[in-house]
Amino acid sequence: VLLRVVSLGAKLILTLYMGRYLGLDDLGVYGLVFAAVMFATIVLGVRVDFAVARELVGARPLEVLSKVRDQTVFLATNYVLFAIVMAFLAFIEVAPLPLMLAIFFISIMENLANNYTTNLTSMGRPVLSTFLFFIRAGLWCFVVAALGLMDPSMRTVQVVLIGWGVGEAISLAIC
């Protein structure tokens, strides 16, 4: 529970930090990226994690491996379709390419991490799952805010998005 509460606190600190040190345009960009990532995370996974999680409870290791492999292949197929959509959106210049790439990368990392940490809970590892959630949803916020407070040149939405992507990648790598 403490890790979940600290994760929420970290998001609050990030919001206050961005409100104080970033411009309104950066806040708007972050808000749009956040909304796009949260929407994409649900659409990409089509909540298959619920079905897989139920099947993992009490499953033998070989069954777990098979189900997680199938889940990953399903998700990878969705990521290919997502890449095509994002390439089209970049082609018609909906947003700058670096921003589109950030949305793409963070969405995939968040979706994979969310699915895999749900799997961990079903396999009887809720503390590890919550710790990984803390890394991807909270820890990076503290790091980004600290970097911005120490070095004013780090007070950009790009640093926030890079920090978010790194937090997601670390969580996924540990998972």
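User: Where is arginine 47 found?
Analyst: Arginine 47 is found in the loop between α2 and α3. Helices here are DSSP runs (H or I, at least four residues), numbered from the N terminus. This is a predicted model, in which local features need pLDDT of at least 70, side-chain atom pairs count only at pLDDT 80 or more, and totals for chains, interfaces and linings use all residues. Residues are numbered from 1 along each chain as its sequence is written, and side-chain values use heavy atoms, with hydrogens and water left out.

User: Why does arginine 47 count as partly exposed?
Analyst: Buried means under 20% relative accessible area and exposed means over 50%, with partly exposed in between (1.4 Å probe, protein chains only). Arginine 47 has 30% relative accessibility, so it counts as partly exposed. Its phi is positive, about 55 degrees, although it is not a glycine. Valine 46, also in the loop between α2 (24-45) and α3 (48-56), has a positive phi of about 35 degrees and is not a glycine either.

User: What makes threonine 130 buried?
Analyst: Its relative accessible area is 19%, so threonine 130 is buried by the under 20% cut-off. Threonine 130 sits in helix α6 (residues 126-150). Leaving aside neighbours within four places in sequence, threonine 130 is in contact (heavy atoms within 4.5 Å) with Leu3 and Arg4.

User: At what angle do α2 and α5 pack, and why is α2 called oblique to α5?
Analyst: α2 and helix α5 (residues 97-122) pack at about 45 degrees, with their axes 9 Å apart. That angle makes α2 oblique to α5, because under 35 degrees counts as roughly parallel, over 145 as roughly antiparallel, 65 to 115 as roughly perpendicular and the rest as oblique. The axes are lines fitted to C-alpha atoms over the stretch in contact, and angles run from 0 to 180 degrees between N-to-C directions.

User: Which residues of α2 and α5 meet?
Analyst: Among them, Val29, Val33 and Leu44 in α2 meet residues of α5 including Leu99, Ile103 and Glu110.

User: How do you know that the span of α4 agrees with its number of residues?
Analyst: The expected span is 1.5 Å times one less than the number of residues. Helix α4 (residues 61-91) has 31 residues and should span 45 Å; its end C-alpha atoms are 44 Å apart, which agrees. Buried residues of α4 include Val64, Leu75 and Phe82, and the helix's buried residues pack against α2, α3 and α5. Glutamate 93, which follows α4, has a positive phi near 60 degrees.

Technical notes:
Helices (H or I, at least four residues) and strands (E, at least two) are DSSP runs, numbered from the N terminus.
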